[in-house]
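The sequence and structure come first.

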Amino acid sequence: PTLEPAQPLRSVRVRAVGDLMVHKKQLEIARQPDGSYDFHPQYALIADSLTNADYTIANLETTIGQYEKRPYSGFPMFNSPESLLDAVKDAGVDFLTLANNHMLDRYFEGMVRTVDNVEARGFDFAGANRTPEEKETPVVVEENGIRLGFLCYTQMTNGMEDWSNAAVKEYGVNYLRKADLPGEVRRLREAGADVVIAIPHWGEEYFRRPESYVVTWARKMVAAGVDVVLGSHPHMVQPVEFVEAEAADGTLRRGLVAYSLGNFIDNMLKRYTDSGIILEFTVRERQDGGFEIVDVGCVPVYCWKQDDNIQAISSLKYLDAPPEGMSGGTWQRMKDSYWELRDLIDDDIPMLME
């Protein structure tokens with residue numbers, strides 16, 4: 001008998017970044033003479049790294065679309081032009097998590113408009129819901145024949161839920177404290193997810209190590225069936241590691257946890273807020289069935305602040321020579337940020353050029 005050729009094993013290479021923020025200076029830089037906004041220059045030097053994957057994930061930490069007659073704004077109530085999404089899409093981002101503490105900065109109505117704008121530009125998304133049905137619908141995306149399921153949560157919305165439509169608490173935002181991890185993972189699996197990725201917005205700001213309750217939540221997620229955890233909110237990079245946790249049936253599960261991916265593009269001034277990582281991992285089908293997370297690495301990112309631009313760049317790419325226009329002092333800070341990340345990330349996880 002003629003043997004059927006073996007089917008090639010499927011795989012998908014994923015990249016994930018932290019906070020896409022738009023502070024006041026970023027708005028000023030993006031504003032054009034005709035009153036429009038162009039954010040493409042802020043992503044120009046990092047777009048190749050974002051597109052260097054099958055699928056790219058990011059945290060959108062601003063509402064999108066003008067609310068009533070209020071002007072666009074940065075901290076503390078973020079609201080950005082729709083053209084930001086054009087730049088983010090063109091830079092290579094495929095999925096946006098909308099579960100973060102600033103998603104209600106223009107109340108429930110602003111959140112709904114944000115979701116509308118994100119959807120209209122073809123992004124996959126999760127974490128903010130316009131209807132109860134949307135909240136109950138599992139988010140599963142297929143890439144290279146592998147189905148990725150997403151769970152997005154935020155620890156808080158800065159108290160804005162008390163000033164917004166009651167729908168926020170009923171179904172609008174996915175709050176971590178209300179998460180039914182085993183049930184939600186089960187629904188994703190029933191919807192066909194081969195791998196489950198959780199994206200929690202958690203922890204305390206400006207810490208380089210996760211608090212004990214964050215570590216506990218990460219283990220709960222892995223025990224419940226989550227394969228990859230991509231954290232954000234501290235605005236500083238925190239460690240990346242594989243975590244083992246015992247599932248309800250007594251089996252030992254293993255998951256990749258990035259406690260915080262740090263900032264990506266921003267105008268923060270505290271030390272360590274000027275760097276982030278693009279985390280890379282591959283979801284690979286096993287010969288004996290199931291899937292595994294392999295080939296973990298990260299691109300170290302530095303946020304280069306200039307008078308006329310704010311750009312994310314790969315710091316490893318410019319260790320030997322600065323990009324054109326970078327001052328000696330800024331170049332030294334960029335190199336320092338690389339070594340700070342190298343000391344923080346386990347040696348088993350390689351740093352990638354771009």
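**Pockets, salt bridges and aromatic pairs**

The second largest pocket has a volume of about 260 Å³. Arg254, Arg286, Phe291, Glu292 and Ile293 are the closest to its centre among the 14 residues that line the second largest pocket. The model is predicted, with local features needing pLDDT of at least 70 and side-chain atom pairs counting only at pLDDT 80 or more, while totals for chains, interfaces and linings use all residues. Residues are numbered from 1 along each chain as its sequence is written, and side-chain values use heavy atoms, with hydrogens and water left out.

**Pockets**

- A pocket is an open set of points on a 1 Å grid over the protein atoms alone, where a 1.4 Å probe fits and protein lies on both sides within 12 Å along at least five of seven lines; lining residues have an atom within 4 Å of a point.
- Grid points are joined across faces, edges and corners, and a volume is the space filled by probe spheres set on the points.
- In the second largest pocket, β12 (252–258) and β15 (291–305) each supply at least two lining residues, and β12 gives the most, with four residues.
- Helices (H or I, at least four residues) and strands (E, at least two) are DSSP runs, numbered from the N terminus.
- The lining of the second largest pocket has five nonpolar, two polar and seven charged residues.
- Here Ala, Val, Leu, Ile, Met, Phe, Trp, Tyr, Cys and Pro count as nonpolar, Asp, Glu, Lys and Arg as charged, and the others, Gly among them, as polar.
- The largest pocket holds about 500 Å³ of space.
- Its lining has 25 residues, and Glu134, Lys135, Glu136, Thr137 and Asn174 lie nearest the centre of the largest pocket.
- Two or more residues of that lining come from each of β6 (124–126), α6 (132–136), β8 (146–154), α7 (167–172) and α8 (181–190).
- With four residues, β8 has the largest share of the lining of the largest pocket.
- By class, the largest pocket is lined by 13 nonpolar, four polar and eight charged residues.

**Salt bridges**

- The whole structure contains 18 salt bridges, each defined as a side-chain nitrogen of Lys or Arg within 4 Å of a carboxyl oxygen of Asp or Glu.
- Arg10 and Glu285 form a salt bridge in which the closest N and O atoms are 3.0 Å apart.
- That pair links distant parts of the chain, 275 residues apart, with Arg10 in the segment before β1 (11–20) and Glu285 in strand β14 (residues 275–285).
- Arg10 is partly exposed, at a relative accessible area of 29%, whereas Glu285 is buried, at 17%.
- Buried means under 20% relative accessible area, exposed over 50%, and partly exposed in between (1.4 Å probe, protein chains only).
- Arg15 pairs with Glu280 in a salt bridge, with the closest N and O atoms 2.7 Å apart.
- Arg15 and Glu280 are both buried.
- Arg333 and Asp274 form a salt bridge with an N to O distance of 2.8 Å.
- Because Arg333 lies in helix α10 (residues 328–344) and Asp274 in the loop between β13 (263–265) and β14, the pair ties together parts that are 59 residues apart in sequence.
- Arg333 and Asp274 are both buried.
- Asp116, Glu119, Arg130 and Glu134 belong to one network, joined by salt bridges that share partners.

**Helix α5**

- Helix α5 (residues 107–120) has 14 residues and reaches 20 Å from its first C-alpha to its last, close to the 20 Å expected at 1.5 Å a residue.
- The expected span of a helix is 1.5 Å times one less than its number of residues.
- Buried residues in α5 include Phe108, Met111, Val112, Val115 and Val118.

**Aromatic pairs**

- There are nine aromatic pairs in the structure.
- Rings of Phe, Tyr and Trp (its six-membered ring) pair if their centres lie within 6.5 Å; planes under 30 degrees apart count as stacked, over 60 as edge-to-face and the rest as tilted.
- The Tyr43 and Phe264 ring centres are 6.4 Å apart and their planes are at 40°, so the pair is tilted.
- Tyr43 is in helix α2 (residues 40–43) and Phe264 in strand β13, 221 residues apart.
- Tyr43 is buried at 3% relative accessible area, and Phe264 is buried at 1%.
- Tyr338 and Trp339 have ring centres 4.9 Å apart and planes at 80°, so the pair is edge-to-face.
- Tyr338 counts as buried at 7% relative accessibility, whereas Trp339 is partly exposed at 47%.
- One aromatic cluster is formed by Tyr37, Phe39 and Tyr72.
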